[in-house]
Amino acid sequence: MTRPASSLRVARLNAAFPIAALILATGCGGFHTPGPSTLRLTEVMASNDGAYLDEEGEAEDFVELLNTGSDVIDLSDFSLSDSVQRDRLPSLLLEPGGIVVLFADDQVEQGERHLPFKLSAGGESLTLRYYGDSGHRVVDEVRWEGLEPNEALARFDGSDDWVRCTWASAGRANGARCGPPPAPPPPPDDVFAAYTWPAPVPTTPLTLSELALSPAGFIEVRNTSPGTLPLAGYQVRIAPHGPNQPWPGVTDGVGLPLAGSLAPGARTTVTVAPTDTALLAQPLFEGVVSLFDAGGVLIDRCDFMRWPGGAALARAENPAGTWRFVTATTPDGPNTAPVLPSRDVGSYVRHLYTPGDYEALARDGTLVGQAAVKFLLDVDVAGGPLGYLLGSEDFPLHFDFVDQIFAGGPDLDRCDAAMNAEHRARWTAFSVAEYYCGQTQPPEDLSCTDDQRRYMMGTLVHHVGPDLHTLEMVSGDRASAAQMVRTFFDGAALSDDPRRYVFRPQSQSAVDKLRTVEGQLPIVGRNAPFVGIHEQPLNPGVAYGTLTFIPTRDLATATLGPRVVLITDSVPNDIGFVGGLVTEALQTPLAHVNVLSQNRGTPNLAVVDARTRPEFAPLIGQLVRLDVTDTGFSVRAAELSEAQAHWASLIPSGPPQSPARDISVRGIQDLRFRGFGDLPSIGGKAAQFAELYRVVFPAGCSQAALVPDGAFALPVAHYVDHFQASGAQALLTTAMADARFDDDPLFRREALASVRAAIMAHPVEPVFLGQVEQAIRERYGEDTRVRLRSSSNTEDLAGFNGAGLYVSEAAQLSDAGSVALALRTVWASLWSERAQDERSFFRIEPDLVAMGVLVHAAFVSEEGSGIIVSRSLHDATRSDIYTMNVQRGEASVANPAPGVSSEQFDYRWGRVPRRVFRAYSTFSEGEPLVSEDEACDMAYAVRAIHDHFRLLIDPTHADQYFAVEVEVKLLDATRRLYVKQARPYPFATEALPADCRSF
């Protein structure tokens with residue numbers, strides 16, 4: 001049977017935009033009647049700023065329709081009209097329960113689902129009419145007054161009532177209530193055969209049970225055999241131990257014989273005298289207690305170091321084998337003493353013997369959202385591997401520990417250029433010998449043999465977001481499958497709970513090797529840490545303030561400030577100054593609110609359902625201390641005195657910052673002949689854009705990046721003229737002289753609004769406006785849309801980059817008055833409430849603030865956009881990893897609509913795999929938005945920009961962690977790569993180590 005063309009069109013529609021199968025009862029009241037007129041309006045958005053995209057990737061206003069009946073509906077039996085009566089809809093068949101989204105963009109030439117009108121966010125009505133045999137009748141309608149950008153008007157749970165909703169749900173069932181959409185599907189991952197840990201069993205016939213050695217006390221053993229055991233000939237021995245030493249044997253150290261006999265399950269102790277432990281010198285107190293039988297065969301042993309005075313080392317009896325330092329001794333009795341919470345671990349230990357050991361060793365690590373403790377196994381030691389756990393602050397590399405502790409090498413200061421070069425040379429030689437089995441360029445599938453390795457190395461990682469504990473080896477390690485298995489079990493055994501760890505491979509070659517041993521150890525896929533995230537520490541810091549929940553839609557009118565710790569339900573695009581921020585929706589590292597938090601030093605994290613979590617819920621409305629670290633957060637009630645001391649510490653010291661301002665330059669400035677040094681006259685954004693014309697872009701993997709032609713700048717001098725002539729400057733001067741400007745947020749808000757209103761009301765000087773319009777005409781013509789972008793002279797001052805503070809506006813000559821309006825709007829944005837608060841906090845002199853304007857052709861037919869940082873945002877020490885966020889079409893990366901996420905991946909130079917995905921885009925349907933070659937092209941462009949800008953800004957390489965942030969576009973069907981913007985990226989001080997480690 002041949003299907004009608006309309007049915008085929010719906011089939012294609014369903015493939016591109018899946019139709020939800022939602023079966024609702026007919027005759028729901030209101031306008032609804034049974035039969036074909038059961039078509040229903042279910043969602044409207046009149047100001048789409050990236051919440052949903054059409055087939056071209058454009059963010060158009062939309063209307064959603066749902067077939068609530070049991071029959072197929074032909075949309076051509078209906079019309080959808082705004083204030084003007086419209087023709088019938090195209091002939092598209094909608095199955096029962098089917099959903100269709102129509103785009104109100106007045107671009108019917110783009111397809112059948114595009115309507116011949118647009119929607120007004122300010123207020124409008126839509127009417128759905130059915131055309132039957134007896135004429136037409138109204139079957140549904142919706143009216144609204146004022147919809148905010150990305151705010152939907154929707155119906156939920158079959159109700160006739162319309163509800164304003166922050167989260168759009170176009171193309172899928174609206175559900176029972178307004179709420180965030182489900183997360184995009186995680187990147188595809190490897191699945192391995194399951195592993196079941198065997199039941200723990202103690203050594204037999206005897207097992208060491210409790211040790212009291214500092215001060216010297218006793219050693220307890222327990223009979224773990226089924227019968228009475230004569231102890232004659234058995235002995236325990238205490239011996240010192242350390243790196244490069246074999247495990248102590250039956251004649252090493254001090255021997256303490258056992259005597260008598262022991263019933264099944266019974267315990268006995270032998271006394272330890274101070275002379276028996278004399279060789280275990282503090283502070284390391286490093287040694288081994290061994291248990292030997294009458295034939296000198298080793299039965300059990302326990303090794304230790306950094307023994308806390310007065311504590312005992314006791315073995316858990318269920319499960320057997322887990323040792324912990326405890327606060328009291330229990331000789332001849334069950335090991336029930338309380339566990340010692342923490343101890344001094346120094347720079348390394350042999351085991352995690354207190355709950356605080358892991359946190360202490362992980363302190364001062366550089367991974368955001370992860371805690372990590374490196375371990376090293378010396379597998380050449382007779383009798384089994386000797387393991388150590390390394391402090392992140394003292395040993396950022398396994399090599400550093402081996403070189404200093406095992407080889408006796410120097411502690412090299414990496415902030416010294418010569419020492420850093422020596423360190424790199426020694427590290428390279430070590431890597432070749434250990435990771436690469438002696439080969440300088442080993443193939444990916446190479447497997448080391450046991451005689452080629454002395455050390456096996458890995459990391460115990462806690463991924464905070466999904467609360468996942470993994471054991472990982474670096475991606476370049478050519479360990480064999482058998483070596484990975486042994487490393488997992490021996491490394492996990494150094495922890496306090498080996499069974500909670502799973503092995504996570506880092507490369508495809510490791511995955512391939514593990515396929516030969518799957519089922520022999522617990523393994524997760526490479527993307528496991530990016531699934532099921534419920535917490536995200538994004539910017540470390542401490543905040544004091546009243547814990548307050550405010551919905552994101554109400555933030556624009558809310559009174560905020562540095563004494564508010566804010567919880568909000570989604571990720572706001574813009575936010576006033578707050579003491580600390582908690583979003584209930586997950587963020588991306590390059591979201592504007594996180595960049596703002598970094599600039600301000602504001603602690604920022606995402607916690608799903610934060611306001612109902614037990615950590616936050618009881619404290620809402622109270623004064624609290626919020627502490628965000630790289631690996632988590634804590635919140636508690638606070639005293640006013642400690643809060644006041646903290647608030648006082650936030651006030652910047654030193655003289656005010658004076659931005660450079662040059663008002664001698666006037667007229668149209670062709671950016672081909674300007675550069676970074678022109679920032680005082682044309683502003684930061686324009687000056688940085690001008691430098692892009694001077695960058696030599698390499699071809700990358702498939703294409704070289706381009707910079708938009710014809711860009712020009714409007715100097716700050718013209719803003720200064722307009723600011724004075726409009727009366728805005730006088731208004732601001734008067735307002736700032738009033739004490740209420742600093743002390744009263746409502747007074748300041750009204751004063752700044754009057755300043756912006758004066759700028760908007762005053763006409764642009766005619767001669768200058770004519771020059772601007774003529775420059776647009778000569779470069780782009782009458783009908784080309786151009787973008788007027790803010791270019792303040794305050795950008796990129798010390799500790800202040802101004803990202804996201806100001807606005808950009810589109811205009812075109814054929815739209816009369818739009819150029820002047822856009823120009824005034826950009827100028828006025830200099831005095832937004834948030835911009836003033838930011839500059840005031842950083843003590844930027846208001847009299848010298850000015851706004852230039854960057855002008856270039858607007859980007860059209862966007863296939864995608866991206867923001868890339870030339871250093872890892874998840875580990876600032878890694879210059880060989882770029883953080884890339886990419887989004888489809890016109891949807892924003894930095895200012896995403898609520899519930900919309902971008903594609904996020906690490907681009908790793910010289911490593912396999914090159915890309916490690918953390919998340920897919922909301923709009924990618926489970927597939928990458930950019931190809932491997934396109935990611936390569938972006939990376940080469942960013943590297944060229946990084947190198948060019950560093951010569952300008954940091955020619956002596958004084959900034960160990962210099963990076964740039966670059967915005968790119970992929971345009972039209974050719975997917976040509978364009979660079980839109982570049983600027984230095986300042987890492988928050990809290991994200992950087994105190995030394996100069998960088999890899």
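A: Happy to, starting with overall size. This is a predicted model, and the chain has 999 residues with a radius of gyration of 33 Å. A compact globule with that number of residues would come out near 30 Å, so the chain agrees with that expectation.

Q: And what box do the C-alpha atoms fill?

A: Taken along the principal axes, the box is roughly 105 × 75 × 60 Å.

Q: How many helices and strands does the chain have?
A: There are 18 helices and 46 strands.

Q: What percentage of the residues is buried?
A: Buried residues account for 56% of the 999 in the chain.

Q: Let's look at a sheet. What is the strand order in the open sheet of four strands?
A: The order is β16-β15-β19-β20, and the pairing is antiparallel.

Q: How many bridges link β15 and β19?
A: Six bridges, in the antiparallel sense, with β15 covering residues 235-240.

Q: Switching to the backbone: which peptide bonds are cis?
A: Two to look at here are S214 to P215, where omega is near 5 degrees, and Q282 to P283, where omega is about 10 degrees.

Q: Where do I find those prolines, P215 and P283?
A: Both are in loops. P215 is in the loop between β12 (206-213) and β13 (216-223). P283 is in the loop between β18 (267-271) and β19 (287-292).

Q: What about F285, what is its phi?
A: Phi of F285 is near 45 degrees, a positive value in a residue that is not glycine. F285 sits in the loop between β18 and β19, the loop that also holds P283.

Q: Is F285 buried or exposed?
A: F285 is buried: its relative accessible area is 4%, and the cut-off for buried is under 20%.

Q: What is the phi of H957, and where is that residue?
A: Phi of H957 is near 55 degrees, again a positive value in a residue other than glycine. Look for H957 in the loop between α18 (932-953) and β45 (964-971).

Q: How accessible is H957?
A: H957 has 48% relative accessibility, so it counts as partly exposed. The cut-off for exposed is over 50%.

Q: Which residues are closest to the centre of the largest cavity?
A: V474, D477, M484, S507 and A510 are the closest of the 14 residues that line the largest cavity.

Q: Which element gives the largest share of that lining?
A: Helix α6 (residues 508-514), with three residues.

Q: And how does the lining of the largest cavity split by class?
A: Seven residues are nonpolar, four are polar and three are charged.

Note on methods:
Residues are numbered from 1 along each chain as its sequence is written. This is a predicted model: local features need pLDDT of at least 70, side-chain atom pairs count only at pLDDT 80 or more; totals for chains, interfaces and linings use all residues. Side-chain values use heavy atoms; hydrogens and water are left out. Helices (H or I, at least four residues) and strands (E, at least two) are DSSP runs, numbered from the N terminus. Buried means under 20% relative accessible area, exposed over 50%, partly exposed in between (1.4 Å probe, protein chains only). Two strands pair if DSSP finds at least two bridges between them. On a 1 Å grid over the protein atoms alone, a cavity is a set of points where a 1.4 Å probe fits but cannot get out, and a pocket is an open set with protein on both sides within 12 Å along at least five of seven lines; lining residues have an atom within 4 Å of a point. Ala, Val, Leu, Ile, Met, Phe, Trp, Tyr, Cys and Pro count as nonpolar, Asp, Glu, Lys and Arg as charged, and the others, Gly among them, as polar. The radius of gyration is taken over C-alpha atoms; the globule rule is 2.2 Å times the number of residues to the power 0.38.
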